[in-house]
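Subject: Structure handover

Hello,

The structure you asked for is below. Please have it open while you read, as the notes after it go through the findings by region.

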Amino acid sequence: MSEANYCLSLRANKIMNKTLLFKAALAAAIIVGLSNCAITNSREILPTSKQMDNQKSIQLNAQGEVMSKLEQGQQYVNATQANLGKNLIQAITDRGAVGALEFCQVNAIPLTERTVKNSMVNIKRVSDLNRNPANKPNTQELEYIIKSKEQLKNNTQPSPELIKSENKSIGYYPITTNPMCLQCHGTPEQDIKSNTLKKIQQLYPQDKALGYGNNELRGIWVVEMKN
């Protein structure tokens, strides 16, 4: 091999290694971003003994204790986040950030619905500043979102909550932003690259999900479980 070709080969290897490191870092950040919702200081209206007796399935936690509905909902959220993260990482690897936006537009909602293969559970994401109009919250969900935003303004992390009725339990789980989120939801030209912004405007002409800062409420997971 000539000296010139040898130098070109070394340079190509360095570029490839940098690309792989970038993708690995990006993948790690996505996993962290999708996993930033945990149960802390949760509030739950406990079921009556009759409701507990009527449960069709009993789930146990790692300590072998019967899980509350709030804990069960968190498990469904964790499983859904993991599945979305895995598929998003693959989309970024194959097609880059812009390609990942196209992937999310088509697949995010179907993947969310298919992850929980349980006829007794429904799961979705909603936001008052939604990117997809299909993620618009109802009145009760919006009340929780507004309250959670006020808590964050007062430097208090919002807690998951559970609302119970005779036939079902609905869990609300906050989703807060981190630096990774800002690449698609931050300030245009500052956090969001111009080609990414152009693709967002093309795919989501009614987009409201811009201008976020770090540790702000992006939206919530809503998990509806039959009792």
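Asn118 is partly exposed, at a relative accessible area of 29% (buried is under 20%, exposed over 50% and partly exposed in between, with a 1.4 Å probe and protein chains only). The model is a predicted one, in which local features need pLDDT of at least 70 and side-chain atom pairs count only at pLDDT 80 or more, while totals for chains, interfaces and linings use all residues. Residues are numbered from 1 along each chain as its sequence is written, and side-chain values use heavy atoms, with hydrogens and water left out.

Asn118 sits in the loop between α3 and β2. Its C-alpha atom is 9.5 Å from that of Met225, although 107 residues separate the two along the chain. Ser119 belongs to the loop between α3 and β2 as well, and it counts as exposed at 68% relative accessibility. From Ser119 to Met225 the C-alpha distance is 9.2 Å, across 106 residues of chain.

Overall layout

The protein chain has six helices and five strands (DSSP runs numbered from the N terminus: H or I of at least four residues for helices, E of at least two for strands). Read from the N terminus, their order is α-β-α-α-β-α-β-β-α-α-β. Of its 227 residues, 39% count as buried. Among contacts between residues at least 6 apart in sequence, 74% join residues at least 24 apart (a contact is heavy atoms within 4.5 Å).

Helix α6 and its cover

Which residues of helix α6 are buried? In this helix, residues 194-203, they are Thr196, Leu197, Lys199, Ile200 and Leu203. They lie on the same side of α6, because they cover an arc of only 160 degrees around the axis (taken from the directions from the helix axis to the C-beta atoms). The face turned away from that buried side carries the exposed residues Lys198, Gln201 and Gln202. The cover over the buried residues of α6 includes α3 and α5 (182-185).

Glu102 gives the α3 side of this arrangement in residue terms. It is in helix α3 and counts as partly exposed at 30% relative accessibility. Leaving aside neighbours within four places in sequence, Glu102 is in contact with Lys199 and Leu203.

β2 gives the most, with six residues. By class the lining has seven nonpolar, three polar and three charged residues (nonpolar: Ala, Val, Leu, Ile, Met, Phe, Trp, Tyr, Cys and Pro; charged: Asp, Glu, Lys and Arg; polar: the others, Gly among them).

A buried glutamate

Glu161 is in strand β3, residues 161-164. Is Glu161 buried or exposed? Its relative accessible area is 12%, so it counts as buried. The side chain of Glu161 makes a polar contact of 2.5 Å with the side chain of Lys147 (a pair of N or O atoms within 3.5 Å; within protein, one must be able to donate a hydrogen and the other to accept it, and residues adjacent in sequence count only if both atoms are side-chain atoms).

Two positive phi values

Most residues other than glycine have a negative phi. Asn155, which is not a glycine, has a positive phi of about 60 degrees. It is in the loop between α4 (139-153) and β3, and is exposed at 74% relative accessibility. Asn215 also has a positive phi, near 60 degrees. Asn215 is in the loop between α6 and β5 (217-226) and is partly exposed, with a relative accessible area of 34%.

Regards
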